[in-house]
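Hi,

Here is the structure I promised to pass on. Have a look at it first, and my notes on what turned up follow below.

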Amino acid sequence: MRQSILLTAVLSAMSFAQVSYAAEEAKEEAKSDWTATGNIGVVSDYYFRGISQSWHKPTVQGGMDITHSSGFYTGLWGSGVTPNTYPDATTEIDIYAGYNGTIPTVEKLGYTVGIYGYLYPGGSWKKYRGSTTVDVNGNPDPNRPLTPGGGRWDTYEANVGVSYDWISAKLSYTLTDWFGADKSTGWDGSTKGSTYVELNAAYPLPWWDLTLIAHVGRLNVSGKLDRTFSTDGINLPSDSLSKATDPDYTDWKIGLSKAFKIGATEGWNAGVYWIESDNSRYWGYRGYGGSSFNGKGTNGAVESKNLNDGRLVLTLGRTF
């Protein structure tokens with residue numbers, strides 16, 4: 001009787017342990033389907049596709065990503081930007097979702113499809129105070145700033161890409177006007193269908209856990225500035241600017257990144273990159289793209305910078 005009771009107790013305990021283990025295993029499996037990660041960092045200059053978005057000043061960035069074991073992903077990311085480029089907006093918020101998959105017939109071959117949105121809370125073309133008319137001496141006249149109509153800077157893209165091991169390529173296609181550029185903001189028509197094609201590499205080096213980062217991209221905007229455009233009879237852009245009306249350019253980036261730990265905390269990453277793009281006639285200090293849309297500057301002149309010139313950019317961040 002005692003032996004029977006003992007045997008029953010042992011079997012019950014084993015059965016309970018098995019059920020508990022199975023429950024824990026099922027819980028772990030359910031947990032592993034979804035993964036949430038956060039990231040925060042600081043950059044010495046926020047370059048996006050070869051153009052400075054922070055007027056060559058440091059800014060803080062951060063976001064969150066949620067991924068599913070099926071390959072689905074979604075996320076939210078933010079960065080400081082300059083109101084000189086985005087009047088009345090000091091923050092860029094990106095929202096995105098998509099799917100990453102692999103092609104079983106070829107090892108290390110993958111693909112991605114997704115939607116990406118760039119949002120600038122509080123900012124729009126209606127707040128534009130950029131180019132001005134010129135007075136009789138050819139100097140900017142701050143008393144008559146151009147104020148075109150138009151909507152927000154917000155832009156949405158669809159993208160598709162492929163990757164093989166450490167190299168990848170992607171095409172992004174604007175579903176809306178390119179950052180609000182249309183007839184009402186001084187362009188020759190809608191800029192929907194603008195494209196950005198890029199080739200990226202992240203090659204792990206055999207020294208000190210370094211990764212070589214390389215990138216080249218090409219922007220093709222589906223439109224050009226219309227120099228006959230006018231508000232109240234005033235041409236856009238002003239004659240004090242370059243005559244360049246085409247914003248298209250090629251950009252490139254090369255540098256090193258390193259993942260490391262600080263004490264017991266993991267997920268740290270630092271990088272140093274050289275970033276640059278061409279077409280200074282449009283994006284330089286004499287170009288429309290390099291001019292401040294706030295119209296602020298000394299002696300009423302439009303403030304401007306070369307937003308595409310080559311810079312050494314430092315980054316430091318952590319994923320958790």
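Glu157 and Arg49 join their side chains in a salt bridge, with 2.9 Å from N to O; the term stands for a side-chain nitrogen of Lys or Arg within 4 Å of a carboxyl oxygen of Asp or Glu. Glu157 sits in strand S10 (residues 155-164) and Arg49 in the loop between strand S2 (47-48) and S3, so this pair ties together parts that are 108 residues apart in sequence. Both Glu157 and Arg49 are buried (buried is under 20% relative accessible area, exposed is over 50%, and partly exposed is in between, with a 1.4 Å probe and protein chains only).

Before going on, please note that this is a predicted model: local features need pLDDT of at least 70, side-chain atom pairs count only at pLDDT 80 or more, and totals for chains, interfaces and linings use all residues. Residues are numbered from 1 along each chain as its sequence is written, and side-chain values use heavy atoms, leaving out hydrogens and water.

The count of salt bridges comes to 4. Another of them brings together Asp165 and Lys108, at 3.7 Å from N to O. Here too distant parts of the chain are linked: Asp165 is in the loop between S10 and strand S11 (167-174), and Lys108 is in the loop between strand S6 (91-102) and strand S7 (109-119), 57 residues away. Asp165 has 45% relative accessibility and therefore counts as partly exposed. Asp309 also forms a salt bridge, with Arg311, and their closest N and O atoms are 3.5 Å apart.

Now the strands (DSSP runs of E, at least two residues, numbered from the N terminus; helices are runs of H or I, at least four). A closed barrel of 12 strands runs S1-S4-S5-S6-S7-S10-S11-S12-S13-S16-S17-S18 with antiparallel pairing, where two strands pair if DSSP finds at least two bridges between them. Within it, S17 (residues 265-277) and S18 (residues 311-319) pair over 8 bridges, and Ala270 stands opposite Leu316 in S18.

Finally, there is 1 cavity of 30 Å³ or more, meaning a set of points on a 1 Å grid over the protein atoms alone where a 1.4 Å probe fits but cannot get out; its lining residues have an atom within 4 Å of a point. The largest cavity holds about 330 Å³ of space, a volume being the space filled by probe spheres set on the points, which are joined across faces, edges and corners. It is lined by 22 residues, and Thr85, Tyr86, Trp178, Phe179 and Trp283 are the closest to its centre. Strand S3 (51-52) and helix H2 (280-283) each supply at least two residues of this lining.

Best wishes

Note on methods. On a 1 Å grid over the protein atoms alone, a cavity is a set of points where a 1.4 Å probe fits but cannot get out, and a pocket is an open set with protein on both sides within 12 Å along at least five of seven lines; lining residues have an atom within 4 Å of a point.
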